[in-house]
Amino acid sequence: MTERADLRSHGPSGILRPGIRTYKPRRTRITERQERALQQQAAFIIPVGTSPIDTIAVWGIDVPVVMEIGFGDGLAAAEMAAADPTTGLLAIDVHTPGVGGLLARVGDASLTNVRVMEADALVVLTRMIEPGSLHGVRTYFPDPWPKARHHKRRIVQSEVLDLVHSRLQVGGSWHLATDWVEYADWIRACFGEHPGWTGGVIDRPRWRPVTRYERRALHDGRMITDLVFRTVAAT
Ligand SMILES: C[S@@+](CC[C@H](N)C(=O)[O-])C[C@H]1O[C@@H](n2cnc3c(N)ncnc32)[C@H](O)[C@@H]1O
């Protein structure tokens, strides 16, 4: 195993049934720039482990921490982090070239508020995030898994809603966007059935940059839906 492969965890989160993943394996080649960034910006990588991330040590006491699940090429994540330097961004994806890409942007823009993990976000949420510690979660254009037999791979499902709910502060938010109308309906239905969440479809916030995946969807004429759900205290 290479040193970098040690940073990853594709092991089970214990949240989904064994063998079920929310992501597709991809074999994109890593570029020299991405490879270099993985070495040179290693200080911005948080390796996967079992101890909780000390968010105060990483970002400071009053800094709200937002997790982005599945940042893809990282362009939008880096833009959001640059526009909001007083928020700590914990950016997670399983795809090595994307991790290298985001780290390269972190270096280019001298961003200090971003930390990057090459990991299954469900594993990180389960093992490394303290209950009630996140200010927000972002998931833009999650894999839609359109076939009925693959719905169990969707990141939005009741077990994951329970998990994210437990890691967010009361009033914390999960912002999602999708170009798949049926998935938007699915998301609304899942959150609607959960007593711990309130929210629904919103106008696209101006601060959310167009992501790489979204650009293709817009080019192909698909409608984009943004949704925000907030946690409510148990009664
Ligand atoms: C369709 S792509 C969208 C990427 C990006 N947000 C965009 O809009 O361009 C979905 C991304 O989510 C990542 N992903 C899916 N499940 C994940 C998980 N459990 N943990 C971390 N990343 C995940 C995939 O590797 C992929 O990069």
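Predicted model: local features only at pLDDT ≥ 70, side-chain atom pairs only at ≥ 80, totals over all residues.
Local features are reported at pLDDT of at least 70 and side-chain atom pairs at pLDDT 80 or more, whereas totals for chains, interfaces and linings use all residues. Residues are numbered from 1 along each chain as its sequence is written, and side-chain values use heavy atoms, with hydrogens and water left out.

**Helix packing**

Two packed helices are described by the angle between their axes and the distance between the axes. Helices (H or I, at least four residues) and strands (E, at least two) are DSSP runs numbered from the N terminus. Axes are lines fitted to C-alpha atoms, for helices over the stretch in contact, and angles run from 0 to 180 degrees between N-to-C directions.

Helix 1 (residues 32-40) packs with helix 4 (residues 96-108) at an angle of about 70°, and their axes lie 7 Å apart. Helix 1 is therefore roughly perpendicular to helix 4; angles under 35 degrees count as roughly parallel, over 145 as roughly antiparallel, 65 to 115 as roughly perpendicular and the rest as oblique. In contact (heavy atoms within 4.5 Å), R33, Q34, A37 and L38 of helix 1 meet residues of helix 4, including T96, P97, V99 and L103. The contact of helix 1 with helix 4 divides into 6 nonpolar, 4 polar and 3 charged residues. Here Ala, Val, Leu, Ile, Met, Phe, Trp, Tyr, Cys and Pro count as nonpolar, Asp, Glu, Lys and Arg as charged, and the others, Gly among them, as polar.

The axes of helix 5 (residues 121-128) and helix 6 (residues 158-167) come within 10 Å and cross at roughly 45°. That angle makes helix 5 oblique to helix 6. L122, L125 and T126 of helix 5 meet V160, L163, V164 and R167 of helix 6. By class, this contact has 5 nonpolar, 1 polar and 1 charged residues.

**Pocket and cavities**

On a 1 Å grid over the protein atoms alone, a cavity is a set of points where a 1.4 Å probe fits but cannot get out, and a pocket is an open set with protein on both sides within 12 Å along at least five of seven lines; lining residues have an atom within 4 Å of a point. Grid points are joined across faces, edges and corners, and a volume is the space filled by probe spheres set on the points.

| Space | Volume | Lining by class |
|---|---|---|
| Second largest pocket | about 270 Å³ | 6 nonpolar, 5 polar, 3 charged |
| Largest cavity | about 70 Å³ | 5 nonpolar, 4 polar, 3 charged |
| Second largest cavity | about 50 Å³ | 4 nonpolar, 3 polar, 2 charged |

The second largest pocket is lined by 14 residues, of which V66, D84, R138, H175 and W207 lie nearest its centre. Strand 4 (134-140) is one of the elements that give two or more residues to this lining, and strand 4 gives the most, with 4 residues.

The count comes to 3 cavities of 30 Å³ or more. Residues lining the largest cavity include P12, R17, D120 and L122. V66, D84 and R138 are among the residues that line the second largest cavity, to which helix 3 and strand 2 (88-93) each give two or more residues.
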